[in-house]
Amino acid sequence: MPLSDDQNSDSDSSRLSESTASSSDSEYSRQSFTSDSSSKPSSPASSPPKMVTFDELMAAARNLTDLTLAHEIAVNANFCIKHEDLPQNSLVGTVKRIVHKAFWDHLESELNEDPPEYEHAIKLFEEIKEILLSFLTPGANRIQNQICEVLDTDLIRQQAEHNAVDIHGLANYIINTMGKLCAPIRDNDIKQLKATDNIVELLRQIFHVLDLMKMDMANYTIQCLRPYLQRNLVDYERTKFQEILEETPSALDLTTEWIKESIEDELSSVSDESSSSSGADHSCKSNISPTLVLNNGYLKLLQWDYHKTIPETLITDEVRLQELREKLNQLKIIACVCLITNNMVGAAIVDVPDFADQLKRVSVPLLEGMSKKTFDLKEALNAIGVQICSKVNGSLSERGLPTLNAETQNNLMGQIASIVEENNPVCSLIDKRIQLFMKSLLALPSFQKCMPAVPGGLSVIQTEMEFVGSQYASIVNFNKQVYGPFYANILRKLLFPEAPIGKTGTEAPTN
């Protein structure tokens, strides 16, 4: 059964990060990066280099699976397990159907023998008994004893030796017991079982409904676990990741490289005078704000090539970050289209209320699926250009004004189509302003609820930007709470390699 989640659940992640202990920028003060980490109980323990065995690697993989699953359950209120059948034309689906058909055909031939052969049927009853018992809560002794008594395989074998097995009676007892234990959503499935006469088909359908009941039980367990995980997720994830780090000391290599690249970006922005002076490298590194380095690293994730492996500390949110990047790319195109249209024909539509929203409604459907490999952005932009020209001309005609001439329409469609070109000035401008908005958002204290001002040119997508921004800030703030001690160790080594143990800074870094 594949794991599934709903795409609209990231707002729950925002509520989660607000409910957990908030971390202000002071957590990342220079003192925290230069002082002795061993004196802090929250700081991760360091691991000496060592060879990793296969068993240790598998243990780390299990820890990562547990961590990822717990994170998904806690931050995604719509996360659940869903039953999906394999595609009919898939190799796995075909093999599964052939094997299952062979099994049930063999069972049917055994039961049709004279006298019937019950051995395989008895094994099925044994399996059904174990499944039914797994549904019981502690203390359900009466029904547990009843199930064990009725589905006693030793007794059934003795009956089979004398050809006295009431196989239909056993099936009816199983169906009635399932009806008592199942969720209300399975009542119709139970009714259909009662209407099935063929014993082999009945047993096959019983196993199908039992699979659905196991899925229901798993989802009920997830619902029960979610509040506990939400209350304890920060400590749980940090502990699990520390276990992974102890099993595989290289588990922070990609994270270290990610932070190192952010430091290099910051150093490149330092003035030429500082960079050319003697000992500038050490001096510049010492003056860089660790918080700013980390925030710029998070900003890179919005333009990350997700064909590359993401830093280890962000694996649990990789899908959500990728979705945010794709949504921002779509919003960027919409803002570019609106800006170009306003610059070229703004005078013609200045008196039309909500015309920018009309342009957005035209663009959004044509940009659906931008993240797919088969999506043709140039074709979509050509279609958007045609639609916008039609929309502008329709508006002008309604007001008794002359429509756009052919040259203006061609220029408008041409500029919209050119958005796809590399280093397009309009696209670059909008991209910088989106990055500025996100950077301003990260500079705010995590407990502050208000949004920063939206830069010019983004007003048409302000609502969407604020929604995406809140999801993004939620992911970042929670990630800082969990992995802050790990980042502190890495930043301390990269920014203050010569700082003596126990040395403290004098002020917190500013954003």
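Which helices each supply at least two residues of the lining of the largest pocket? They are α4 (91–111) and α10 (199–247). The legends below start with an overview and then reach that pocket.

**Figure 1. Overview of the predicted model.** This is a predicted model: local features need pLDDT of at least 70, side-chain atom pairs count only at pLDDT 80 or more, and totals for chains, interfaces and linings use all residues. Residues are numbered from 1 along each chain as its sequence is written, and side-chain values use heavy atoms, with hydrogens and water left out. The protein has 20 helices and two strands. Both are DSSP runs numbered from the N terminus (helices: H or I, at least four residues; strands: E, at least two). Of its 511 residues, 43% count as buried. Buried means under 20% relative accessible area, exposed over 50%, and partly exposed in between (1.4 Å probe, protein chains only). Take the contacts between residues at least 6 apart in sequence: 77% join residues at least 24 apart. Contact means heavy atoms within 4.5 Å.

Figure 2. A pocket is an open set of points on a 1 Å grid over the protein atoms alone, where a 1.4 Å probe fits, with protein on both sides within 12 Å along at least five of seven lines; lining residues have an atom within 4 Å of a point. The lining has 25 residues, and Asp85, Lys96, His100, Arg204 and His208 lie nearest the centre. Helix α4 gives the most, with nine residues. By type, the lining divides into eight nonpolar, seven polar and 10 charged residues. Here Ala, Val, Leu, Ile, Met, Phe, Trp, Tyr, Cys and Pro count as nonpolar, Asp, Glu, Lys and Arg as charged, and the others, Gly among them, as polar.

Figure 3. Beyond its neighbours within four places in sequence, Met438 contacts Leu299, Leu302, Leu328, Met465, Val468, Gly469 and Tyr472. Helix α14 (residues 290–300) is mostly covered, with nine of its 11 residues buried. Tyr298 and Leu299 are among them. In α11, the buried residues include Trp258, Ile259 and Ile263.

Figure 4. Ile128 is found in helix α5 (residues 119–134). Ile128 counts as buried because its relative accessibility is 0%. Beyond neighbours within four places in sequence, Ile128 contacts Ile174, Leu203, Ile206, Phe207 and Leu210. Ile147 is 19 residues from Ile128 in sequence, and their C-alpha atoms are 10.0 Å apart.

Figure 5. The peptide bond from Asp114 to Pro115 is cis, with omega near 0°. Pro115 sits in the loop between α4 and α5. Asn163 is not a glycine, yet has a positive phi of about 55°. Its loop joins α7 (153–161) and α8 (167–181). Asn423 has a positive phi near 60°, in the loop between α18 (406–417) and α19 (425–443). Asn163 is partly exposed at 45% relative accessible area, whereas Asn423 is exposed at 64%.
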